[in-house]
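Thanks for asking me to look this one over.

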Amino acid sequence: MAPCDSPVRLTVRTGLHDKRSPPHSPTSASALTPPVTPIGKGVLHAELLTPSPTTEDPSSSTQSSAQTTRHVGVPLIFPDEIDICHDESRRPFEFGRGAWSIVYRARSVPKQSTGSLHTPPSSPASTGRILAVKAPLRRDAHKVLQSEALTMTRLSLTPGCENYMVPFHGFLPEYDALVMSAIPLALSTFIEDKADARKHNPSTATMFEPVQGPDSWRDMARKLITCLAWLHDTAGLVHGDIKPHNVLLRPTVTDTPDAFPFEPLLADFSSAYEIPSDSSSTSNVNQTALSAFTPPFTAPELLSLASLRSGEIAPLPSSDVFSLAATLIAAATGDLLLYPGSNNFQRLAMAKDGHRILDFTRAGSNGCRIPRYGFVEKLIQPAVVKDPTQRILTGDWVALASC
Ligand SMILES: Nc1ncnc2c1ncn2[C@@H]1O[C@H](COP(=O)(O)OP(=O)(O)O)[C@@H](O)[C@H]1O
Ligand SMILES: [Mg+2]
């Protein structure tokens, strides 16, 4: 069994490209800058990124299960070259890792002019800037990232994307890598930092409050719920793997001293897919979209034996709502694993009984941070009810969080 804090890989989506769509922009393996590129310490070693194993012409493959791509046939192609940054020891600079990928710190470099009229112009938004490049960590991740590129392309065309998702600059098809703005702070790190700060500076005055402070938590909760409402109601997608590691924080200026000084941005769309048109359905046989999940943050209905055995696990908006509620609980208590002191087996057992998440958390050492009938419970309770069809909808949840 995988540790509860690490995602479990289940299935891989296939069939990413639409037959009718035009081929990718012309690119070649030489788009990667050789190690001699004199840009700081940063150079992209081609060996860091595994060449795409896709041998077929992507423009001629068929689209099958990846319904995230309903409106997008080909991903946005990153127009420039990329230099991966290195640290003093000449090691590639990593922002983070997940179930499928390594995310490197990188810099864009305008493509050498080939004289071709078809060379796409450099994007002023990305040239010379520090970027994040998400590259496959293992062979079976290539298809996942190809699909994610289509999802991010589609999301980038959705109104409001600039406020709610990590900015996407394009895809490197030779390496199945995604290029994004660098947002170096994950919500998971923020939670750990706040929990550490409280541990080193304990106070009875604040022991019944979220570790980051009540106003900041409330503000953060409202912003996060608004992000999810955008994803569900405007973009029409389920995220499928909401958890603190998959939310990035962009600093923002605020006049209010106790406000949450970040804009949360949704990241990691490797498990995302189209919301089924029949929103009351609890499974979708055509979907193999749940490519990874993380038990403590996964809605209990997705962890039932029947779900796991059938392999037809399909997260719905209601399961994202549960996962975000679990994320908000982790932020309140400062316990990233939700159930501190328990082993993986116990954690999975509790996750399967996830509608009792508030009781389980209260039994933990930081449970006092979620007092009964307090504002945290009020916001969380309707989002974790057992029957997914009875869980609060994101639109109503935004309203509740804004009271
Ligand atoms: N745009 C980004 N800027 C900085 N760090 C990032 C960015 N995207 C992801 N990361 C870091 O890399 C980690 C892994 O990325 P993620 O997209 O979640 O990959 P996976 O699909 O493998 O889980 C994240 O938890 C985060 O810490
Ligand atoms: Mg992730």
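**Notes on the predicted model**

1. Let me start with helix 7 (344–352), where R347, L348, M350 and A351 are buried. They cover an arc of only 160 degrees around the axis, which puts them on the same side of helix 7. The buried residues of this helix pack against helix 8 (357–362). On terms: buried means under 20% relative accessible area, exposed over 50% and partly exposed in between, with a 1.4 Å probe and protein chains only. The arc is that of the directions from the helix axis to the C-beta atoms, and contact means heavy atoms within 4.5 Å. Helices (H or I, at least four residues) and strands (E, at least two) are DSSP runs, numbered from the N terminus.

2. A word on the ground rules: this is a predicted model, where local features need pLDDT of at least 70, side-chain atom pairs count only at pLDDT 80 or more, and totals for chains, interfaces and linings use all residues. Residues are numbered from 1 along each chain as its sequence is written, chains are lettered from A and ligands numbered from 1 in the order in which they are written, and side-chain values use heavy atoms, with hydrogens and water left out.

3. How confident is the predictor? The chain averages a pLDDT (the predictor's confidence in each residue, from 0 to 100) of 80, and 74% of the residues score at least 70. Where pLDDT is low, the predicted coordinates should not be read in detail.

4. For the overall picture, the chain has ten helices and twelve strands. Of its 403 residues, 54% are buried. Among contacts between residues at least 6 apart in sequence, 76% join residues at least 24 apart. The chain exposes about 17,400 Å², of which carbon and sulfur atoms supply 55%; accessible areas come from the Shrake-Rupley method with a 1.4 Å probe, and for residues only the protein chains shown count as cover.

5. Do have a look at the metal site. The magnesium ion (ligand 2) is coordinated by N246 (OD1) and D268 (OD), at 2.1 to 2.3 Å. N246 lies in the loop between strand 8 (237–238) and strand 9, and D268 in the loop between strand 10 and strand 11 (273–274), so the pair ties together parts that are 22 residues apart in sequence. N246 is buried, at 7% relative accessible area, and D268 also counts as buried, at 18%. Donors here are N, O and S atoms within 2.8 Å of the metal (3.2 Å for Na, K and Ca), and water is not among the atoms, so sites may look incomplete.

6. Helix 3 (residues 187–200) has 14 residues and reaches 20 Å from its first C-alpha to its last, close to the 20 Å expected at 1.5 Å a residue; the expected span is 1.5 Å times one less than the number of residues. Its buried residues are L187, S188, F190, I191 and A195. Seen down the axis of helix 3, they fall within an arc of 165 degrees, so they line one face of the helix. Their packing partners are helix 4 (214–234), strand 9 (247–251), strand 10 (262–266) and helix 6 (317–333).

7. Helix 10 (residues 394–402) buries T394, W397, V398 and A401. These fall within an arc of 105 degrees seen down the axis, so they line one face of helix 10. They pack against helix 4, helix 6 and helix 9 (375–380).

8. Which backbone angles would I check? Most residues other than glycine have a negative phi. D176, in the loop between strand 6 (168–172) and strand 7 (177–181), has a positive phi of about 50 degrees although it is not a glycine. L338, in the loop between helix 6 and helix 7, has a positive phi near 70 degrees. D176 is buried at 1% relative accessibility, and L338 is buried at 1% as well.

9. Finally, T158 lies in the loop between helix 1 (142–156) and helix 2 (161–164) and is buried, at 8% relative accessible area. Leaving aside neighbours within four places in sequence, T158 is in contact with W230, T234 and A235. T158 and T234 are 76 residues apart in sequence and 7.4 Å apart in space, C-alpha to C-alpha.
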